[in-house]
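Open the model in a viewer and keep the selection panel at hand.

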Amino acid sequence: MSNHGGDCCKSGPGYATPLLAMSGLRENIIYVAAIYTGTGQDKPDYLATVDVDPSSSTYSSVIHRLSMPFLGDELHHSGWNSCSSCHSDPSCERRYLILPSLLSGRIYVVDTKTNPKEPSLHRVVEPAEVLEKTGLAYPHQPHCLASGDLLVSCLGDKDGNAGGSGFLLLDSEFNVKRRWEKEGSSPLFGYDFWYQPRHETMISTSWGAPAAFTKGFDLKDVSDGLYGKHLHVYSWPEGELKQILDLGDNGLLPLEIRFLHDPTKATGFTGCALSSTIVRFFKNEDETWSHEVAISVKPLKVENWILPEMPGLITDFLISLDDRFLYFSNWLHGDIRQYNIEDPKNPVLTGQLHVGGLVQKGSHAFALGEEDETLQFDVPMIKDQRLRGGPQMFQLSLDGNRLYVTNSLFSVWDKQFYPELVEKGSHMLQIDVDTDKGGLSINPNFFVDFGSEPDGPSLAHEMRYPGGDCTSDIWV
């Protein structure tokens, strides 16, 4: 029997296959990174436990808050100490949620087993130790390895230079081991990564230099070469940089990356934020890798905005565990899209829903139609609340029927593009998904308002289930 929530049984954590995971237990709670850093409030970031059980009296609310012991962290992404990559090892258990702090460099280890609804702080990996042993700073994305070790992407050196980016290897007790990549194989920029062991490959993406993106977004920094447009192809598990794919102007700021969940498949996608494209990568017969634009979102012609055209800004995407559907967010346009990717070369749009954005009705900016007529998008109110910001981070239920959505990207960017989000706080939505014919509809009974938190409005970012999900677990 698989481990659904943390306790080891006859096997290790997670599920033997992605398809078996789809029949796992329904989610009852979800952990959400909530941020005060950058909002002007002198409070620590925290991990919120949100009740997502419709039969519960506290459904659609924050039921616990684990505050971090320091200020100025900027919690961002998260991952598990152990996941389905360790399913064949009964000695492993999914117990600790790993929370790197993008700005302070601290890596928090949170115990979710003792009391899943009220997780507790287990350990802090200090940035000074990471710097001393590896030279790495700005930790971002953790992934568990089948070996029991942890791999964390880091976005720069202590001064915020992208040239210092690389990958931090922690052991199963969260001690710093070393850099993972071989000497001379550091990436041009850091951000996300995914590995596919049967193809002996790991591929990482490129956001930008921390010295640039921590100040807010400046288009000049892109032309000055402070942001990335590359995928880095590594040998797995050796860590030798084999190939760099230059995505060009159609692949500016590739952020999230996902292989298909089927571990036999040698293809996947990355979401390129500034170009607003989904790029597919794939292995050639000669073992090299190539790429092509699979989906492209046209910019909107706009009035009353900082530029005459507004990109969609694809900031997050994920793939259902059966590799049938891909979902992505256009943070600026404000819509969520669902594509059928059963033929990965030819994605088909099957659902679209506006849940915010800079051109929703009542906003300052207007989109221009084909004959330059002004228009704005209809966005529903949920529980009498106007939706703020734009859709950003996703999490999908194991069965693929429910998509959870938060709306904070990064505090300084939130302040720049959606100042209302910083003033009034984030919210969390749940979207019902039609997995037969395709389609998206908002659940009117689910609305978690991070604007009404006890310590003031906070920003909500990445979400994790205690039993793993389609963006944390990798199959080997």
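Start with strand β12 and strand β13 (residues 201-204): the two run antiparallel and are joined by four bridges. The model is a predicted one.

Select the connection next. β12 and β13 make a hairpin, with four residues between the strands. In that turn, Glu-200 has a positive phi of about 50°. Now pick Phe-193 and look across to β13, where its bridge partner is Ser-204.

Stay on β12, residues 193-196, and show side chains.

Four strands in the order β12-β13-β14-β15 form an open sheet with antiparallel pairing. Because β12 and β15 (241-246) stand at the edges with a single partner strand each, one side of each has no neighbour in the sheet. On average, neighbouring strands here are turned by 20° against each other, direction ignored.

At the other end of the strand order, select β14 (residues 230-235) together with β15. Five bridges pair them in the antiparallel sense. Within this pair, Leu-231 stands opposite Leu-245 of β15.

Next, the rings. How many aromatic pairs does the model contain? The count is 26. Select Trp-207 and Phe-410: the ring centres are 5.6 Å apart and the planes stand at 85°, so this pair is edge-to-face. Trp-207 sits in the loop between β13 and α3 (210-213), and Phe-410 in the loop between β29 (402-405) and α5 (411-417), so the contact ties together parts 203 residues apart in sequence. Trp-207 has 4% relative accessibility and counts as buried; Phe-410, at 1%, is buried as well.

For a tilted pair, go to Phe-281 and Trp-289, with 6.3 Å from centre to centre and 50° between the planes. Phe-281 is buried at a relative accessible area of 0%, and Trp-289 is buried at 4%.

Ring pairs link Tyr-191, Trp-207, Phe-213, Phe-217, Tyr-227, Phe-410 and Trp-413 into a cluster.

Two arginines close the tour. Select Arg-106 with Phe-70: Arg-106 lies over the face of the ring, 3.9 Å from the ring centre. Then select Arg-258 with Phe-317, where Arg-258 lies over the ring face at 5.5 Å from the centre.

How values were computed: Residues numbered from 1 in each chain as written. Predicted model: local features only at pLDDT ≥ 70, side-chain atom pairs only at ≥ 80, totals over all residues. Heavy atoms only, no water. Pairing = 2+ DSSP bridges. Axes fitted to C-alpha atoms, helices over the stretch in contact; angles between N-to-C directions. Phe/Tyr/Trp six-rings, centres within 6.5 Å; stacked < 30°, edge-to-face > 60°. Buried < 20%, exposed > 50% of the residue type's maximum accessible area, 1.4 Å probe, protein only. Lys NZ or Arg CZ within 6 Å of the ring centre and 35° of its normal.
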